[in-house]
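Please keep the sequence and the model in view while reading.

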Amino acid sequence: MPITRLALPLGDTERPAPDWALRLAKTLPFIVLPHCLWRLPFAVDFRMGMLDPAAPPAPWWIPFYVVGLSVLTEALALLTTGLVSGWGEVVPHWVPFLGGRRVAPLAAVIPAALGGLALVAMFDLYPLAWMGVLPEVGFSNVWWMLMARVCITPAMLWGPIVLVLALAYYRRRRSP
(Lines give C-alpha, C1' and ligand atoms only; values in the text may rest on other atoms or scores of the structure.)
Protein backbone atom coordinates (compact mmCIF):
# COMPACT_ATOMS: atom_id res chain seq x y z
CA MET A 1 0.00 0.00 0.00
CA PRO A 2 1.52 3.37 -0.98
CA ILE A 3 2.14 5.99 1.66
CA THR A 4 -0.02 9.05 1.21
CA ARG A 5 1.06 12.52 2.23
CA LEU A 6 -1.08 14.91 4.16
CA ALA A 7 -1.90 17.61 1.65
CA LEU A 8 -2.70 20.92 3.28
CA PRO A 9 -3.73 23.50 0.69
CA LEU A 10 -1.07 25.99 1.64
CA GLY A 11 0.39 28.61 -0.61
CA ASP A 12 -2.71 28.88 -2.82
CA THR A 13 -2.84 32.60 -2.11
CA GLU A 14 -3.44 35.60 -4.33
CA ARG A 15 0.11 36.77 -3.73
CA PRO A 16 2.55 33.98 -2.99
CA ALA A 17 3.44 33.35 0.62
CA PRO A 18 7.20 33.11 1.26
CA ASP A 19 8.60 29.58 1.42
CA TRP A 20 9.81 30.13 4.99
CA ALA A 21 6.25 31.07 6.04
CA LEU A 22 4.84 27.94 4.40
CA ARG A 23 7.40 25.78 6.19
CA LEU A 24 6.73 27.45 9.55
CA ALA A 25 2.96 27.07 9.20
CA LYS A 26 3.30 23.39 8.25
CA THR A 27 5.73 22.75 11.11
CA LEU A 28 3.81 24.56 13.85
CA PRO A 29 1.44 21.68 14.77
CA PHE A 30 4.49 19.45 15.24
CA ILE A 31 6.25 22.11 17.32
CA VAL A 32 3.42 22.19 19.89
CA LEU A 33 2.85 18.41 19.82
CA PRO A 34 5.40 17.54 22.55
CA HIS A 35 3.65 19.93 24.92
CA CYS A 36 0.28 18.34 24.12
CA LEU A 37 1.68 14.86 24.67
CA TRP A 38 3.34 15.94 27.94
CA ARG A 39 -0.03 17.14 29.18
CA LEU A 40 -2.00 13.93 28.45
CA PRO A 41 -0.86 11.81 31.45
CA PHE A 42 -2.34 14.45 33.73
CA ALA A 43 -5.75 13.35 32.39
CA VAL A 44 -5.40 10.15 34.42
CA ASP A 45 -3.89 11.97 37.42
CA PHE A 46 -0.33 10.88 36.66
CA ARG A 47 1.74 13.87 37.81
CA MET A 48 4.84 13.24 35.65
CA GLY A 49 7.18 13.55 38.62
CA MET A 50 5.80 16.91 39.72
CA LEU A 51 5.77 17.49 43.46
CA ASP A 52 2.90 19.45 44.90
CA PRO A 53 1.89 18.09 48.31
CA ALA A 54 -0.99 20.58 48.53
CA ALA A 55 -2.51 19.41 45.22
CA PRO A 56 -6.03 18.08 45.73
CA PRO A 57 -7.16 14.93 43.95
CA ALA A 58 -8.16 15.55 40.35
CA PRO A 59 -11.89 16.21 39.85
CA TRP A 60 -13.95 13.96 37.57
CA TRP A 61 -13.85 16.41 34.65
CA ILE A 62 -10.04 16.67 34.43
CA PRO A 63 -9.67 13.97 31.73
CA PHE A 64 -12.08 15.84 29.45
CA TYR A 65 -10.37 19.14 30.16
CA VAL A 66 -6.84 17.87 29.55
CA VAL A 67 -7.67 15.99 26.36
CA GLY A 68 -9.83 18.88 25.15
CA LEU A 69 -7.03 21.36 25.84
CA SER A 70 -4.56 19.27 23.85
CA VAL A 71 -7.01 18.96 20.94
CA LEU A 72 -7.71 22.70 21.09
CA THR A 73 -3.98 23.44 21.11
CA GLU A 74 -3.45 21.41 17.95
CA ALA A 75 -6.55 22.92 16.31
CA LEU A 76 -5.27 26.44 16.97
CA ALA A 77 -1.86 25.51 15.60
CA LEU A 78 -3.56 24.21 12.46
CA LEU A 79 -5.71 27.35 12.27
CA THR A 80 -2.50 29.33 11.90
CA THR A 81 -2.13 27.78 8.43
CA GLY A 82 -4.87 30.19 7.34
CA LEU A 83 -2.20 32.89 7.34
CA VAL A 84 -0.49 31.18 4.38
CA SER A 85 -3.46 29.64 2.56
CA GLY A 86 -6.25 30.73 0.27
CA TRP A 87 -8.94 30.07 2.89
CA GLY A 88 -7.26 32.78 4.97
CA GLU A 89 -8.01 35.25 2.17
CA VAL A 90 -11.42 34.06 0.97
CA VAL A 91 -13.90 32.31 3.27
CA PRO A 92 -14.52 28.75 1.96
CA HIS A 93 -17.80 28.37 0.06
CA TRP A 94 -19.17 25.77 2.48
CA VAL A 95 -19.24 28.28 5.37
CA PRO A 96 -22.85 29.47 5.82
CA PHE A 97 -23.56 33.17 5.14
CA LEU A 98 -19.88 34.10 4.69
CA GLY A 99 -18.72 31.59 2.08
CA GLY A 100 -16.97 33.19 -0.89
CA ARG A 101 -16.40 36.57 0.77
CA ARG A 102 -12.94 38.05 1.04
CA VAL A 103 -11.38 38.15 4.49
CA ALA A 104 -10.40 41.67 5.50
CA PRO A 105 -6.68 41.57 6.29
CA LEU A 106 -7.11 43.06 9.75
CA ALA A 107 -9.83 40.48 10.54
CA ALA A 108 -7.06 37.88 10.43
CA VAL A 109 -4.08 39.96 11.58
CA ILE A 110 -5.60 41.37 14.77
CA PRO A 111 -6.71 38.00 16.25
CA ALA A 112 -3.42 36.41 15.16
CA ALA A 113 -1.35 39.19 16.72
CA LEU A 114 -3.36 39.16 19.96
CA GLY A 115 -3.15 35.37 20.08
CA GLY A 116 0.58 35.46 19.42
CA LEU A 117 1.10 37.99 22.20
CA ALA A 118 -1.02 35.90 24.58
CA LEU A 119 1.05 32.82 23.71
CA VAL A 120 4.28 34.72 24.36
CA ALA A 121 2.90 35.79 27.75
CA MET A 122 1.87 32.20 28.60
CA PHE A 123 4.89 30.24 27.44
CA ASP A 124 7.88 32.53 27.16
CA LEU A 125 8.14 33.18 30.90
CA TYR A 126 9.18 29.57 31.61
CA PRO A 127 12.92 30.37 31.41
CA LEU A 128 12.44 32.89 34.22
CA ALA A 129 11.02 30.10 36.39
CA TRP A 130 13.85 27.79 35.36
CA MET A 131 16.39 30.43 36.46
CA GLY A 132 14.62 30.85 39.80
CA VAL A 133 13.24 34.33 39.13
CA LEU A 134 9.63 33.04 39.15
CA PRO A 135 8.34 30.15 41.27
CA GLU A 136 8.38 26.69 39.69
CA VAL A 137 6.77 23.41 40.65
CA GLY A 138 9.28 20.92 42.02
CA PHE A 139 10.06 17.53 40.51
CA SER A 140 10.86 14.23 42.18
CA ASN A 141 14.15 14.00 40.25
CA VAL A 142 16.19 15.74 37.58
CA TRP A 143 15.00 13.37 34.83
CA TRP A 144 11.36 14.40 35.22
CA MET A 145 12.43 18.04 35.24
CA LEU A 146 14.47 17.58 32.04
CA MET A 147 11.62 15.73 30.34
CA ALA A 148 9.23 18.55 31.23
CA ARG A 149 11.58 21.19 29.89
CA VAL A 150 12.26 19.27 26.68
CA CYS A 151 8.52 18.92 26.06
CA ILE A 152 7.62 22.48 27.04
CA THR A 153 10.49 24.36 25.37
CA PRO A 154 9.24 24.01 21.75
CA ALA A 155 5.91 25.55 22.80
CA MET A 156 7.81 28.75 23.58
CA LEU A 157 8.21 29.19 19.82
CA TRP A 158 4.46 29.13 19.19
CA GLY A 159 3.76 32.80 20.00
CA PRO A 160 6.71 34.24 18.07
CA ILE A 161 5.88 32.03 15.05
CA VAL A 162 2.27 33.25 15.04
CA LEU A 163 3.45 36.87 15.28
CA VAL A 164 5.90 36.45 12.40
CA LEU A 165 3.27 34.70 10.24
CA ALA A 166 0.74 37.45 11.03
CA LEU A 167 3.24 40.10 9.97
CA ALA A 168 4.02 38.22 6.74
CA TYR A 169 0.27 37.86 6.08
CA TYR A 170 -0.27 41.58 6.65
CA ARG A 171 2.61 42.56 4.35
CA ARG A 172 1.35 40.21 1.63
CA ARG A 173 -2.29 41.34 1.88
CA ARG A 174 -1.89 45.09 2.29
CA SER A 175 -2.77 47.25 -0.66
CA PRO A 176 0.05 47.67 -3.20
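Helix H1 (residues 19-39) packs against helix H2 (residues 62-79) at an angle of about 175 degrees, and their axes are 9 Å apart. H1 is therefore roughly antiparallel to H2. Angles under 35 degrees count as roughly parallel, over 145 as roughly antiparallel, 65 to 115 as roughly perpendicular and the rest as oblique. The axes are lines fitted to C-alpha atoms, for helices over the stretch in contact, and the angles run from 0 to 180 degrees between N-to-C directions. Helices (H or I, at least four residues) and strands (E, at least two) are DSSP runs, numbered from the N terminus.

This is a predicted model, in which local features need pLDDT of at least 70 and side-chain atom pairs count only at pLDDT 80 or more, while totals for chains, interfaces and linings use all residues. Residues are numbered from 1 along each chain as its sequence is written, and side-chain values use heavy atoms, with hydrogens and water left out.

On the H1 side, Leu28, Pro29, Val32, Leu33, Cys36 and Arg39 meet Val66, Leu69, Ser70, Thr73, Glu74, Ala77 and Leu78 of H2. Contact here means heavy atoms within 4.5 Å. By class, the contact of H1 with H2 has nine nonpolar, two polar and two charged residues. Ala, Val, Leu, Ile, Met, Phe, Trp, Tyr, Cys and Pro count as nonpolar, Asp, Glu, Lys and Arg as charged, and the others, Gly among them, as polar.

Another helix pair is H3 (residues 105-123) with H6 (residues 158-173), packed at an angle of about 160 degrees with axes 7 Å apart. H3 is thus roughly antiparallel to H6. Residues in this contact include Ala112, Gly116 and Val120 of H3, and Val162, Ala166 and Tyr169 of H6. By class, the contact of H3 with H6 has 17 nonpolar, two polar and one charged residues.

Which residues does Trp158 touch, not counting residues up to four places away in sequence? They are Leu28, Val32, Thr73, Leu76, Ala77, Leu119 and Phe123. Trp158 is found in helix H6 and is buried, with a relative accessible area of 5%. Buried means under 20% relative accessible area, exposed over 50%, and partly exposed in between (1.4 Å probe, protein chains only). Trp158 and Gly116 are 42 residues apart in sequence, and their C-alpha atoms are 7.4 Å apart in space.

Side chains of opposite charge can pair when their charged atoms come close. A salt bridge is a side-chain nitrogen of Lys or Arg within 4 Å of a carboxyl oxygen of Asp or Glu. The count by this rule is four salt bridges. The table lists some of them.

| Salt bridge | N to O distance |
|---|---|
| Arg102 and Glu14 | 3.3 Å |
| Glu89 and Arg172 | 3.5 Å |
| Arg149 and Glu136 | 3.1 Å |

The Arg102 and Glu14 salt bridge links distant parts of the chain, with Arg102 in the loop between H2 and H3 and Glu14 in the segment before H1, 88 residues apart. Arg102 is partly exposed at 47% relative accessible area, and Glu14 is exposed at 58%.
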